[in-house]
Amino acid sequence: DDFGTGYSSLSQVKNLPVQELKVDRSFVMDMASNRTDQVIVTSVLRLAEELGLRVVAEGIEDETVRRMLEDLGCEQAQGYLFAKPLPASQIPAAVKEIEARPRPDAAAPLPLRRRFDGLG
């Protein structure tokens, strides 16, 4: 969780039986305007792909960042763009509403490896 911040390190990826990395929102939120954040997120996605790990990007608050992550091959994301925290009793109705929304263009993204060279 919150990979790249606090006490998380590459040694944890190497030594712990992890199947998923959650990229901290501090890298994700500004990646549309901050080249360093974009490079960090892209690198984590590539590392995870090479290690066979799933990635969840945290902190998606706007459509531009969501599209960037999708273009990079990130298949799981969370943030206020999708929903704000809710009491447990409200979750079923929120899920139903989200599932009823029109989905963005679902064209299959290219594998990350083929897109990695194109960092802007």
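Colleague: Leaving aside neighbours within four places in sequence, which residues is Leu69 in contact with?
Modeller: This is a predicted model, and the contacts given here are computed from it. With neighbours within four places in sequence set aside, the contacts of Leu69 are Val28, Met31, Val41, Ala57, Ile60 and Cys74.

Colleague: Which residues have the most contacts inside the largest nonpolar core?
Modeller: The largest nonpolar core holds 18 residues. In soluble globular proteins, nonpolar side chains tend to be buried together. Leu69 has Val28, Met31 and Val41 among its contacts. The residues with the most contacts inside this core are Val23, Val28, Met31, Val41 and Leu69.

Colleague: Which element gives the most to this core?
Modeller: The largest nonpolar core has 18 residues. The elements that give it two or more residues are strand S1 (20-23), helix H2 (25-28), helix H3 (35-51), strand S2 (54-58) and helix H4 (63-71). The most, 4 residues, come from H3.

Colleague: What pattern does the protein chain follow along the sequence?
Modeller: The protein chain contains 6 helices and 3 strands. Taken in sequence order, they give the pattern α-β-α-α-β-α-β-α-α.

Colleague: Which residues does Gln19 touch, not counting residues up to four places away in sequence?
Modeller: Gln19 sits in the loop between helix H1 (10-15) and S1. Its relative accessibility is 48%, so Gln19 counts as partly exposed. With residues up to four places away not counted, Gln19 touches Leu53 and Arg54.

Colleague: How many residues apart in sequence are the parts that Arg54 and Glu20 tie together?
Modeller: The side chains of Arg54 and Glu20 form a salt bridge, at 3.4 Å from N to O. Arg54 belongs to strand S2 and Glu20 to strand S1, so the parts that this pair ties together are separated in sequence by 34 residues.

Colleague: Are Arg54 and Glu20 buried, partly exposed or exposed?
Modeller: The relative accessible area of Arg54 is 45%, and that of Glu20 is 32%. Buried means under 20% and exposed over 50%. Arg54 and Glu20 are therefore partly exposed.

Colleague: How many residues apart in sequence are the parts tied together by Glu58 and Lys22?
Modeller: The side chains of Glu58 and Lys22 meet in a salt bridge, with 3.5 Å from N to O. Glu58 is in strand S2 and Lys22 in strand S1, so the pair ties together parts whose separation in sequence is 36 residues.

Colleague: Is Glu58 buried or exposed?
Modeller: The relative accessibility of Glu58 is 8%. The limit for buried is under 20%, so Glu58 counts as buried.

Colleague: Which residues are linked with Glu63 in a network of salt bridges?
Modeller: Glu63 forms a salt bridge with Arg66, and their closest N and O atoms are 2.5 Å apart. The two are 3 residues apart in helix H4, so about one helical turn separates Glu63 and Arg66. The residues linked with Glu63 in the network are Arg66, Arg67 and Glu70.

Colleague: In the pair of Glu63 and Arg66, which residue counts as buried?
Modeller: Glu63 has a relative accessible area of 28% and is partly exposed. The relative accessibility is 13% for the residue that counts as buried, Arg66.

Colleague: How many salt bridges does the count come to?
Modeller: The pairs described above include Arg54 with Glu20, Glu58 with Lys22 and Glu63 with Arg66. The count comes to 6.

Colleague: What is the area of the nonpolar surface patch that includes Ile91?
Modeller: Ile91 lies in helix H5 (residues 91-100). With a relative accessibility of 40%, Ile91 is partly exposed. Leu86, Ile91 and Val95 make a nonpolar surface patch of about 210 Å².

Note on methods: Residues are numbered from 1 along each chain as its sequence is written. This is a predicted model: local features need pLDDT of at least 70, side-chain atom pairs count only at pLDDT 80 or more; totals for chains, interfaces and linings use all residues. Side-chain values use heavy atoms; hydrogens and water are left out. A nonpolar core is a set of buried Ala, Val, Leu, Ile, Met, Phe, Trp, Tyr and Cys residues joined through side-chain atoms within 4.5 Å. Buried means under 20% relative accessible area, exposed over 50%, partly exposed in between (1.4 Å probe, protein chains only). Contact means heavy atoms within 4.5 Å. Patches are made of residues with over 30% relative accessible area and no salt bridge: like charges are joined within 9 Å, nonpolar side chains (Val, Leu, Ile, Met, Phe, Trp, Tyr) within 5 Å. Accessible areas come from the Shrake-Rupley method with a 1.4 Å probe; for residues, only the protein chains shown count as cover. A salt bridge is a side-chain nitrogen of Lys or Arg within 4 Å of a carboxyl oxygen of Asp or Glu.
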